[in-house]
Amino acid sequence: MVMTPRFVKVNGRRLFCAHFHNPRVPPRFRVLIAPPFAEELNKCRRILTLVSQRLAEQGCEVLFPDLFGTGDSAGDFRDASWKGWGEDWAALDEWLMQNSAAPRPAYLCVRSGALLLSVARGLLNDFGRARIVLWQPVLECERFLRAFLRLRTVSDRLAGRAESMSELDARLRSGQSVEIAGYELSASMAAEMTPLTLDAAHLAGCAEVRIMEFRSSPNPVMTPATSEFVDSLQREHIEAIGAAIECEQFWATRDVVAPGAALSATMLALA
Amino acid sequence: MTISDQVERILVEVLDLDTAAMPLTAATPLAGHLPEFDSMAAVAILTALEDQFQIIIDDDEIDASIFENVGSVVAFVMRKTTT
């Protein structure tokens, strides 16, 4: 297994990518990772590196990019947009197709990374052969955005300062950006996120979808929203399988040591 | 499951607590005592409580005393579900 760090220039932007491959095994899938948002990416970076290594060992080629304004890529978070992220992610998909011997594409989308499938819809060139793996997908971005804004209101409240969600909403509506846990959220990005969803229509035409929910309690069951999403995919004649897996909620928890169940389920999904 | 069982289950899940090493009681301290307890964890707990008990928690209702210990979270949920 070899990891090559590289900058890939797409749409005039230099994006840092960790490129994992195995020179000894002909690749079956070329896997493009859709990373999660803001602080969740930091908490997931270790497990995403681990899963990329393991997938490369079993014969996948994996590209783990930092989107514009995140990680080691060019740009500032406040200048990023979901539209731009979608275009760049699709361009990375094209780059990987040109530079890989793997016959089939796969997408490993983590949390809000799943929404990139909706933003990049129509730009992914080999979608009919794609296998999609969704980790605890965010299906409705409005609720996710509210939880993100809450990081600020709740930490202020815990520190004894009073700031309400309606004050933050008003600032964003007036075109001002808001800093949340070290990330400067622009008014335009908040406006883009509010109506963003992932539904069956966005995935129509792909080959297979595997949806994984992670709960740390024993014998977990899927949430009603995710079960309904799996049903809606099946109604669209997409081969979709959903599973609830006993595993730590690694995107929200600090210092997760070994989310082994998530790793093994993902290796099985891309075997 | 009682409200207190359900709240404890959410706290264990979100904070990834090792209950075998340290069983939870109402007096188990949370904010300021657990390194895992940051604002991301607080938001995850609030969101999980909203989902589990089908309640809406307004930001104005939140202050540090709710997260003082396990019992204070249970008391908060009991107030919310009976009003």
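**A chat about the model**

Modeller: Let's start with A:Thr70, which counts as buried because its relative accessibility is 13%; buried means under 20% relative accessible area, exposed over 50% and partly exposed in between, with a 1.4 Å probe and protein chains only.

Colleague: Before we go on, what kind of model is this?

Modeller: This is a predicted model, where local features need pLDDT of at least 70 and side-chain atom pairs count only at pLDDT 80 or more, while totals for chains, interfaces and linings use all residues. Residues are numbered from 1 along each chain as its sequence is written, chains are lettered from A and ligands numbered from 1 in the order in which they are written, and side-chain values use heavy atoms, with hydrogens and water left out.

Colleague: Thanks! Where is A:Thr70?

Modeller: A:Thr70 sits in the loop between strand 4 (60-65) and helix 2 of chain A. Helices (H or I, at least four residues) and strands (E, at least two) are DSSP runs, numbered from the N terminus.

Colleague: And which residues is A:Thr70 in contact with?

Modeller: Leaving aside neighbours within four places in sequence, A:Thr70 is in contact with A:Leu41, A:Phe77 and A:Trp85. Contact means heavy atoms within 4.5 Å.

Colleague: Zooming out, how is chain A divided?

Modeller: Chain A has domain 1 (2-139 + 198-269) and domain 2 (141-196), with bounds that come from an automatic or database domain assignment. The contact between them takes 19 residues from domain 1 of chain A and 11 residues from domain 2 of chain A. The centres of the two domains, taken over C-alpha atoms, are 26 Å apart.

Colleague: What area is buried between those domains?

Modeller: About 1,400 Å², and carbon and sulfur atoms give 72% of that. Buried area here is the accessible area (1.4 Å probe) that two parts lose on being put together, summed over both.

Colleague: How many salt bridges cross that interface?

Modeller: The rule finds one, counting a side-chain nitrogen of Lys or Arg within 4 Å of a carboxyl oxygen of Asp or Glu. A:Glu184 forms a salt bridge with A:Arg78, and their closest N and O atoms are 3.4 Å apart. On the side of domain 1 of chain A that touches domain 2 of chain A, there are 10 nonpolar, four polar and five charged residues. Ala, Val, Leu, Ile, Met, Phe, Trp, Tyr, Cys and Pro count as nonpolar, Asp, Glu, Lys and Arg as charged, and the others, Gly among them, as polar.

Colleague: Now chain B. How many residues of chain B are in contact with chain A?

Modeller: 24 residues of chain B touch 24 residues of chain A. The two chains bury about 2,200 Å² between them, with 52% of it on carbon and sulfur atoms. In chain B, B:Glu13, B:Met40 and B:Asp59 lose the most area to chain A, together 33% of what that side buries.

Colleague: What about salt bridges between the chains?

Modeller: The count between chain B and chain A is six. B:Glu50 forms a salt bridge with A:Arg150, with the closest N and O atoms 3.2 Å apart. Helix 1 (3-15) and helix 2 (39-53) of chain B each give two or more residues to the side that touches chain A, and helix 2 of chain B gives the most, with eight residues.

Colleague: Last one: is B:Thr28 buried or exposed?

Modeller: B:Thr28 counts as buried, at 9% relative accessibility. B:Thr28 lies in the loop between helix 1 and helix 2 of chain B, and a polar atom of the B:Thr28 side chain is 2.8 Å from the backbone nitrogen of B:Thr25.

Conventions. A polar contact is a pair of N or O atoms within 3.5 Å; within protein, one must be able to donate a hydrogen and the other to accept it, and residues adjacent in sequence count only if both atoms are side-chain atoms.
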